[in-house]
Amino acid sequence: LWAKFDLEPQALAGREGEQPFHVLVGPANSSLLPPNADMEKRYSIPGFEIARQILVRTRTLDTILFGNRAKENYWGEFLKLDAQGAELDIMQGATRTLTERTVAAIVEVEFCPLYESQPLFSEVETYMRQFGFAFFGFWETRHPSARLRHLLRPHGAGWQERLVHADAIFFKDPLAPTKAVLSGRAAHALFACAMLLGYYDFALDVALETWARGEEAERIQALAEKYAQAPDQQKFI
């Protein structure tokens, strides 16, 4: 399935050193940040009680990618971050990665603080703009589901609920007024990421404006049109 796969068993954060890690009753909810008791109480979120705390040694993404992995200059081109509220902290320890490597990112963002002092979507989006990234949309949005407390049951067709969190898609946009400068490989990686995420028009725009010429441009246009018109089960991904 993968052309190359590797596992780096590290705890990522914005700085190097030891930090407390909050292990929650629901293991998938565990985080460097303590849970927000007010939100847990308001929505009766299951599994958000602290089971214990442990110390973990954290490292920055820049240290990892530009340390022993420096010669493999493709790591970090496409980031997927889901760290239970610590995403912005991790990216603050990845300034070189975001500047020199990353062309696309999927970042889990929140619209209400599930953890104490948790940065929200607006703060993540503002930070990413500093590095030439543009917010393009959401991969998946999530409202309080059936596992959370609702005062009204059942729900009618017009029922609405607060948007809690989502996966936000960011692309480094060489066509924006800021005109991010991309190397040949970076432009190819950006094209591939845009295709994988279904942004076919943007992918084609990037290719035609940066590297695709002549017959290659025609092939790229045909490829983008093919997948743009394909049913969901035949998408590029």
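**View A. Leu 81 and its bridge partner in β5.** In this predicted model, Leu 81 is bridged to Val 107 of β5. The pairing joins β4 to strand β5, residues 104–110. The two strands run in the parallel sense and share 4 bridges.

**View B. The two faces of β4.** Leu 79 and Leu 81 make up the covered face of β4. Phe 78 and Lys 80 make up the uncovered face. In a regular strand, side chains alternate between the two faces of the sheet. Leu 81, on the covered face, is the residue that has Val 107 as its bridge partner.

**View C. Centre of the largest pocket.** The largest pocket has a volume of about 1600 Å³. Its lining comprises 43 residues. Nearest the centre of the pocket lie Trp 75, Gly 76, Phe 78, Leu 79 and Lys 80. Of these, Leu 79 belongs to the covered face of β4, while Phe 78 and Lys 80 belong to the uncovered one.

View D. Helix α6 (184–196) supplies at least two residues of the lining, as do β1 (11–12), β3 (50–59), α2 (61–65) and β4 (78–81). The biggest contribution comes from α6, with 6 residues. By type, the lining holds 28 nonpolar, 7 polar and 8 charged residues.

**View E. The buried side of α5.** Helix α5 spans residues 121–129. Phe 121, Val 124, Glu 125, Tyr 127 and Met 128 are its buried residues. They sit on the same side of α5, because they cover an arc of only 160 degrees around the axis. Residues three or four places apart in an α-helix point the same way, since there are 3.6 residues a turn.

Technical notes:
Residues numbered from 1 in each chain as written. Predicted model: local features only at pLDDT ≥ 70, side-chain atom pairs only at ≥ 80, totals over all residues. Heavy atoms only, no water. 1 Å grid on protein atoms, 1.4 Å probe; cavity = no way out; pocket = protein on both sides within 12 Å on 5 of 7 lines; lining within 4 Å. Points joined across faces, edges and corners; volume = space filled by probe spheres on them. Nonpolar A, V, L, I, M, F, W, Y, C, P; charged D, E, K, R; others polar. Buried < 20%, exposed > 50% of the residue type's maximum accessible area, 1.4 Å probe, protein only. Arc of directions from axis to C-beta. Pairing = 2+ DSSP bridges.
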